Amino acid sequence: MAEEKRRKTKHNLWKRDQSLFTRQTKEKDLLGFDLVPNRIQGKFEFIYIEFGGVENTKEVVGTSLVSKRWRSLWKLVPRLDASSSDLINNFLTLSKAPVLETLHLRLDENSYEPEENERWVSIAAARQVRDLELRRYGFRRTSMLPCPRSLFTCKGPVVLCLQQVSICDIPSTVFLQTLKTLSLVCVRFVSGDGLVHRLLSACPILETLTVCRWSEDGVTTFAIAIPSLQNLYIMQRPDSDGLEYDCEYVVNAPALKTLKVLDKFGHFRSLVKMPKLVKAEIKIRQEDSEKLMGCLTSAKHLSLCLTSAATTPKSFEFLCQVEYLELCTNCSSDWLSLVLRHSPKLRVLRLSRKNCGMFRECVPQWDFEAQRGFEIQWEKPCCVPECLVSSLESVEWIGYRGTEAEKEAAIYILDKSKHLKKMTLYRKITNLREKYRTLIDLKSRMSCGSTCRLEFVPL
């Protein structure tokens with residue numbers, strides 16, 4: 001009886017402690033630590049076995065109040081994500097982590113002193129920080145976050161993100177030998193093009209580069225010459241005054257696998273072939289777009305938003321390997337027939353009017369009726385395109401309005417496609433009667449042998 005009583009008591013204690021922990025935390029606590037039960041002397045304890053991601057450093061310190069055993073464990077956390085200078089100072093002073101994995105500083109002009117920023121990054125460099133982010137809250141042209149010189153002495157960063165930072169000088173001896181991911185968002189290069197070249201040439205194994213330019217970045221030609229680069233994302237921040245500005249790019253990155261260009265003012269002075277390119281999203285309107293298209297011949301996944309005037313039938317030769325294609329019908333309304341003829345391996349076709357990179361400022365995102373000036377042009381091909389016979393499986397049409405030209409194009413694709421499994425039409429309608437009228441109209445003109453599933457989705 002005594003043995004049974006002791007066993008029940010230990011079991012009840014175990015359940016009580018387990019219940020207490022469940023109420024105070026989840027399977028992963030606020031630190032993101034994985035927790036496992038460990039029975040020592042009849043008590044239920046939890047052991048930290050892995051440090052996970054930190055979303056809020058205040059929560060990290062607050063979690064130490066859950067248990068006496070955790071009171072000092074927060075000092076071993078190798079990640080800091082904060083915006084308060086007091087919290088940053090205390091954390092970096094008391095931290096006992098041998099290596100600082102992550103340092104994310106999000107600051108405004110009133111939350112820190114310039115010398116503090118320099119000291120924080122210097123401490124991070126000494127502790128071999130691997131993921132470093134410097135970001136200023138609130139966009140102001142006249143108040144940028146000064147870039148600490150100690151940043152360029154870091155020996156171990158793998159990820160570096162600079163947002164609304166002003167770079168005055170970069171030492172000629174800088175060498176970021178471990179950096180693989182670099183993000184430059186609204187960065188001001190005070191000395192211009194030379195600083196960009198010096199920074200990028202100091203990254204011998206860089207794999208991912210994100211560039212978001214703005215009208216006062218101080219750079220005329222943004223030169224990207226990185227043999228190891230695999231992913232390149234180029235964007236342009238709209239000027240707050242609505243002013244257009246010219247920006248130029250030189251890209252020499254033959255190992256690229258992913259390319260994203262969303263810049264309606266930018267143009268490319270020089271490009272090299274990208275034989276390893278798999279995925280590209282292009283939204284530009286400059287007349288040299290054909291130069292860019294010629295470098296995309298190996299891409300299998302393409303998303304395009306280009307003005308029709310910038311293209312010629314010969315420029316569609318880059319579609320020979322494409323399997324997935326998203327086409328903006330606002331900017332390229334007369335492309336559909338050409339696309340079908342020049343895409344022998346096309347499996348998925350997506351026609352879209354939403355999120356147009358060229359006309360977002362002029363037309364509301366879903367106000368398709370206001371876009372009647374952008375009518376799709378359809379010219380029936382003289383012979384059935386190869387993709388309809390051998391490969392096309394899915395078609396999505398976002399912003400389908402049911403004009404005569406759109407009906408003819410949809411019916412032709414439905415009728416001639418031998419492997420088409422599904423066509424989905426997205427249309428803004430006001431009642432169900434309009435929906436069924438659209439479906440009946442298309443189905444009545446489909447051939448009897450068509451097995452494609454036709455779906456209608458209201459917007």
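Which residue in β16 stands opposite E248?

Analyst: E248 stands opposite H267 in β16. The structure is a predicted model, in which local features need pLDDT of at least 70 and side-chain atom pairs count only at pLDDT 80 or more, whereas totals for chains, interfaces and linings use all residues. Residues are numbered from 1 along each chain as its sequence is written, and side-chain values use heavy atoms, with hydrogens and water left out.

Strands here are DSSP runs of E with at least two residues, and helices are runs of H or I with at least four, numbered from the N terminus. Two strands pair if DSSP finds at least two bridges between them. In general, strands of a sheet pair through backbone hydrogen bonds, either parallel or antiparallel.

The sheet concerned is open and has 3 strands in the order β12-β14-β16, with parallel pairing. Its edges are β12 (221-225) and β16 (266-271); each has a single partner strand, so one side of each is left without a neighbour in the sheet. Direction ignored, neighbouring strands of this sheet are turned by 20° against each other on average (axes are lines fitted to C-alpha atoms, for helices over the stretch in contact, and angles run from 0 to 180 degrees between N-to-C directions).

A second open sheet of 3 strands, again with parallel pairing, has the order β6-β8-β10. Its edge strands, β6 (145-146) and β10 (188-189), each pair on one side only. Between β6 and strand β8 (residues 165-167) there are 2 bridges, and the two run parallel; L145 stands opposite V165 in β8.

Parallel pairing also links β11, β13 and β15. Strand β11 (residues 208-213) is joined to strand β13 (residues 231-236) by 6 bridges, and 5 bridges join β13 to strand β15 (residues 258-262).

H104 is found in strand β4 (residues 102-107) and counts as buried at 14% relative accessibility (buried means under 20% relative accessible area, exposed over 50%, partly exposed in between, with a 1.4 Å probe and protein chains only). The side chain of H104 makes a polar contact with that of D131 at 3.3 Å. A polar contact is a pair of N or O atoms within 3.5 Å; within protein, one must be able to donate a hydrogen and the other to accept it, and residues adjacent in sequence count only if both atoms are side-chain atoms. Leaving aside residues up to four places away in sequence, H104 touches L80, D81, A82, D131 and E133, where contact means heavy atoms within 4.5 Å.

Q128, in the loop between α4 (114-126) and β5 (131-136), has phi near 60° and is partly exposed at 45% relative accessible area. C186, in the loop between β9 (181-185) and β10, has phi of about 50° and is buried at 4%.

With a disulfide defined as a pair of cysteine sulfur atoms within 2.5 Å, the count comes to 0 disulfides. For C147, the nearest cysteine sulfur, that of C168, is 8.6 Å away. The sulfur of C154 is 9.6 Å from the closest cysteine sulfur, in C147, which is too far for a bond. C147 is buried at 15%, as is C154 at 2%.
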